Amino acid sequence: MTGIVSAPVVGPLEASAGTLLPPLRLTVSRDDLVRYAGASTDFNPIHHSDRRALALGLPGVVAHGLLTMGLALRAVTDWVGGPTAVRSYSARFVRPLVVPDDDRGAELVVQGRVAEELADRFVVVLDVTCQDQPVLGRVKVEVDRPVEGAA
Amino acid sequence: MPISPDHIGRVFGPTAAYEVTAVKIAEFARALGDDNPAYRGDQAVAPPTFAAVIAAQAWDQLWADPELDLTLARVIHADQAFQFVHPLRAGQRVQASLTIDGVRQRGPLTHLGLTVELRDQTGQLLASSASTLIHRQEEA
């Protein structure tokens with residue numbers, strides 16, 4: 001079980017507490033880590049060197065926590081119509097996303113749910129898992145509610 | 001003296017101004033595999049996690065400070081929160097200031113609580129970051 005529920009998509013205009021966002025499935029490969037290291041300028045060797053990752057007690061090369069977060073946020077930004085609606089986000093990097101040096105990479109599954117409906121905002125929580133194990137914990141994203149009739 | 005609770009309250013920065021460019025935003029969005037049109041063009045908006053690129057420049061001051069005796073390669077990111085007043089956009093020049101909010105030591109592990117404020121050149125607050133980084137001391 002992945003916790004993924006198939007349901008008709010409810011957009012942000014009609015959403016309320018409990019609304020499920022469309023689930024997102026993606027893979028993260030070593031190539032992706034290299035590209036993200038360059039783009040983010042985060043060159044911590046635990047994201048490219050198994051040897052250095054093992055020395056820190058990690059099982060191997062792991063994804064940047066903020067890469068995982070950035071990928072997961074897309075479940076929200078795609079749903080709400082863009083990044084400018086994001087007011088805040090927070091997460092705990094509870095389990096490192098180990099990225100094997102193979103052609104498949106690690107599979108991430110993201111499931112969002114509107115946890116709270118406020119006058120001007122939604123509080124969305126995300127389950128972000130790899131092989132049914134959470135990699136991010138307590139993921140909370142606050143987004144502006146769209147204004148009806150606005151473009 | 002290496003990092004200790006005595007460093008709580010210490011402020012670093014502001015960093016040299018970081019110019020947010022459309023090219024860098026496009027590169028960052030590509031690294032996320034995200035083709036949202038908001039990330040393209042001269043008026044591009046940065047993906048929400050782009051704020052960490054600038055916050056990390058403030059963190060770099062910690063690794064560069066010989067007194068604190070911290071090494072990036074021995075750091076694991078435990079949690080992260082960002083709050084936005086305005087989204088980051090191409091054309092902004094952003095400076096980051098860091099405050100050490102917490103230092104908790106447990107054996108070889110030091111938990112660092114850090115806040116970073118990102119401001120534009122008029123001093124307007126754009127975003128703030130709160131994070132916990134865990135540093136593992138080299139075994140003696």
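Visitor: How many helices and strands does the secondary structure of chain B come to?
Guide: In this predicted model, chain B reads along its sequence in the pattern β-β-α-α-β-β-β-β. Counting the elements of chain B by kind, the secondary structure comes to 2 helices and 6 strands.

Visitor: What percentage of the 140 residues in chain B is buried?
Guide: The C-alpha atoms of chain B fill a box of roughly 50 × 35 × 20 Å, taken along the principal axes. A residue counts as buried if 20 or more other C-beta atoms lie within 10 Å of its own. By that cut-off, the buried part of the 140 residues in chain B is 36%.

Visitor: Where on helix 1 of chain B do its buried residues fall, when seen down the axis?
Guide: Helix 1 of chain B, residues 22–31, has as its buried residues B:Ile25, B:Phe28, B:Ala29 and B:Ala31. Seen down the helix axis, these residues fall within an arc of 155°, so they line one face of the helix. An α-helix has 3.6 residues a turn, so residues three or four places apart point the same way. The place asked for, on helix 1 of chain B, is therefore one face.

Visitor: What is included in the cover over the buried residues of helix 1 of chain B?
Guide: After helix 1 of chain B comes B:Gly33, with a positive phi near 65°. As for the buried residues of this helix, the elements covering them include one from the other chain, namely helix 1 of chain A.

Visitor: Which element of chain A gives the largest share of the side that touches chain B?
Guide: The contact takes 29 residues from chain A and 29 residues from chain B. On the side of chain A, helix 1 (30–40), helix 3 (65–80) and strand 2 (86–92) each supply at least two residues. By class, this side of chain A has 13 nonpolar, 10 polar and 6 charged residues. The largest share, 8 residues, comes from helix 3 of chain A.

Visitor: Which residue in strand 3 of chain B is the bridge partner of A:Arg92?
Guide: Strand 2 of chain A pairs with strand 3 of chain B, residues 75–84, in the antiparallel sense over 5 bridges. Within strand 3 of chain B, the bridge partner of A:Arg92 is B:Asp79.

Visitor: Is A:Arg138 buried or partly exposed?
Guide: Most residues other than glycine have a negative phi, and most peptide bonds are trans. A:Arg138, which lies in strand 5 (residues 133–144) of chain A, has a positive phi of about 50° although it is not a glycine. With 13 other C-beta atoms within 10 Å, A:Arg138 is partly exposed.

Visitor: Where does B:Pro14 lie?
Guide: The peptide bond from B:Gly13 to B:Pro14 is cis, with omega near 5°. In chain B, the location of B:Pro14 is the loop between strand 1 (11–12) and strand 2 (18–19).

Technical notes:
Residues are numbered from 1 along each chain as its sequence is written. Chains are lettered from A and ligands numbered from 1 in the order in which they are written. This is a predicted model: local features need pLDDT of at least 70, side-chain atom pairs count only at pLDDT 80 or more; totals for chains, interfaces and linings use all residues. Two residues are in contact if their C-beta atoms, placed from the backbone, lie within 7 Å. Helices (H or I, at least four residues) and strands (E, at least two) are DSSP runs, numbered from the N terminus. Ala, Val, Leu, Ile, Met, Phe, Trp, Tyr, Cys and Pro count as nonpolar, Asp, Glu, Lys and Arg as charged, and the others, Gly among them, as polar. Two strands pair if DSSP finds at least two bridges between them. A residue is buried if 20 or more other C-beta atoms lie within 10 Å of its own, exposed if 12 or fewer, and partly exposed in between; C-beta atoms are placed from the backbone. The arc is that of the directions from the helix axis to the C-beta atoms.
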